[in-house]
Amino acid sequence: FGYLAKSSISLAGIASNQAAQLTFDGAIYTGGAELVFLTGDPPRPAFARARHLLDGWIPIVSFHWREGEVFCEIETFALPLTEDPLSPTVVFAQARLTNTGARQTTAHFAAATRFRGEDHRFGGLRPFPFSPDWTYEIRDGALIRDGKLILLYPREATAFEAVPGESRKGAFAGRELSITERAEVGVARLGGRLGPRESRSFVFRIPVAPLDLSAPGAGETLRAIRAADYGQFRARAEELWRARMRPGATLLMPERKVLDTHRASLMFTWQAIWQRDGQWIQGVNKFQYRGFWLRDGAYILAAYDSWGHHDVTRRLLEVYPRYQTAGGLFSSYPGQFDGFGQALYILGRHALFTGDTEWARQAALPLFPPAFDWLRRARAGDPFVLMPATDVQDNEFIRGHYTGHNLWALLGMRTAIRAAT
């Protein structure tokens, strides 16, 4: 369940740079396009607020609704095409329709794309603006928009409409059909008659980044997406997450919801990891906080170490020297002086948690003396002999000295000294 009225779930792999949003109303939004499921006659966007993670924490997400005797379930996940997390990420979505009744019935189910819905879509995902002048074409089981692959339809799809209620052969212009950001485009009707207890499944494949079919290597990528088997990729995704969780400490207690929340929290922070220049970077999420903050990194990496995922912490600490200035200050953004103490804290804490003195000597200890020298100079120049005043204007909107910056500096120095001795 979700406490928030309009909560979202991220669909991403570990250390990949691409992600999709499973929206509160059951659409799959990539930033470049959105897949929406339609139900009823006439068709309307399906709405299913309750989403379920596999085993309570794995981001293979399902949701469902009922239309008469027909039970409709969607299961979706995202995974890079290859073992390389930087290879193109594809969102897989399987729709399963089941007649739960004792008589034959008609399932009214369809799917379409749109550029983006109007409510709670993260703008940080959007790589380019909408254009009413795009051209569209449905061919070879795919929706092509301005020469880019947007969606691969289920192989069973044979009945298509350019927009709801209007069929077109060949390419069609968006302006000609008054296509807006919100309008459904490329409708595939996939319902039909279902016998008693009969089920049918349909698989959609959505490249998170629209695939430019004229780009070098695009043909090979397209063939790989077409050939991607839902069952095999689902099994691979499940094992990827279980393998990541397996080496860490296990929490055992009778309350299942607490266990699920603990593991899901780790999963979502792993999803937020991205890469730059071959280095892993701990983000907050890939929607609108895809950056790096020493403060958030310290909190999250401390959780990894607390639960035994030292290999992840160590890899993420590799980027920390990049955020130490020549003068010794640790800072991810100008004026955010809390990062100074937090960087010292997590470097020292990791050394203490792991007991790896060799790593500490090579990776952490050389960063401490310049940091201590910076603090000595900064305090000498401050009228209160404290961490410098700042005008960071983040959450606090304080112009002056922050108590927390000084407390973090104290904790960071104490932890660094413990690690060094």
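1. Which residues are exposed on the other side of α8? They are Arg 376 and Ala 380, where exposed means over 50% relative accessible area, buried under 20% and partly exposed in between, with a 1.4 Å probe and protein chains only. This is a predicted model, in which local features need pLDDT of at least 70, side-chain atom pairs count only at pLDDT 80 or more, and totals for chains, interfaces and linings use all residues. Residues are numbered from 1 along each chain as its sequence is written, and side-chain values use heavy atoms, with hydrogens and water left out.

2. Helix α8 covers residues 368-380, and its 13 residues reach 18 Å from the first C-alpha to the last, close to the 18 Å expected at 1.5 Å a residue; the expected span is 1.5 Å times one less than the number of residues. Helices (H or I, at least four residues) and strands (E, at least two) are DSSP runs, numbered from the N terminus.

3. The buried residues of α8 are Phe 368, Ala 371, Phe 372, Trp 374, Leu 375 and Ala 378. Seen down the axis of α8, these residues fall within an arc of 155 degrees, so they line one face of the helix; the arc is that of the directions from the helix axis to the C-beta atoms. An α-helix has 3.6 residues a turn, so residues three or four places apart point the same way. The buried residues of α8 pack against α6 (338-354), α7 (357-364) and α9 (403-420).

4. Two of these partners, α6 and α9, pack at an angle of about 25 degrees with their axes 7 Å apart, and they are therefore roughly parallel to each other. Angles under 35 degrees count as roughly parallel, over 145 as roughly antiparallel, 65 to 115 as roughly perpendicular and the rest as oblique. Among the residues that make the contact are Phe 340, Leu 344 and Tyr 345 of α6 and Trp 408, Leu 411 and Met 413 of α9, contact meaning heavy atoms within 4.5 Å.

5. Thr 113, in strand β11 (residues 109-114), is buried, with a relative accessible area of 6%. Leaving aside neighbours within four places in sequence, Thr 113 is in contact with residues including Glu 34, Leu 143, Ile 150 and Val 185.

6. Some backbone details deserve a check by eye. A cis peptide bond, with omega about 5 degrees, joins Asp 41 and Pro 42, and Pro 42 lies in the loop between β4 (34-39) and β5 (44-45). Val 385, although not a glycine, has a positive phi of about 55 degrees; Val 385 sits in the loop between α8 and α9 and is partly exposed, with a relative accessible area of 42%.

Definitions and conventions:
Axes are lines fitted to C-alpha atoms, for helices over the stretch in contact, and angles run from 0 to 180 degrees between N-to-C directions.
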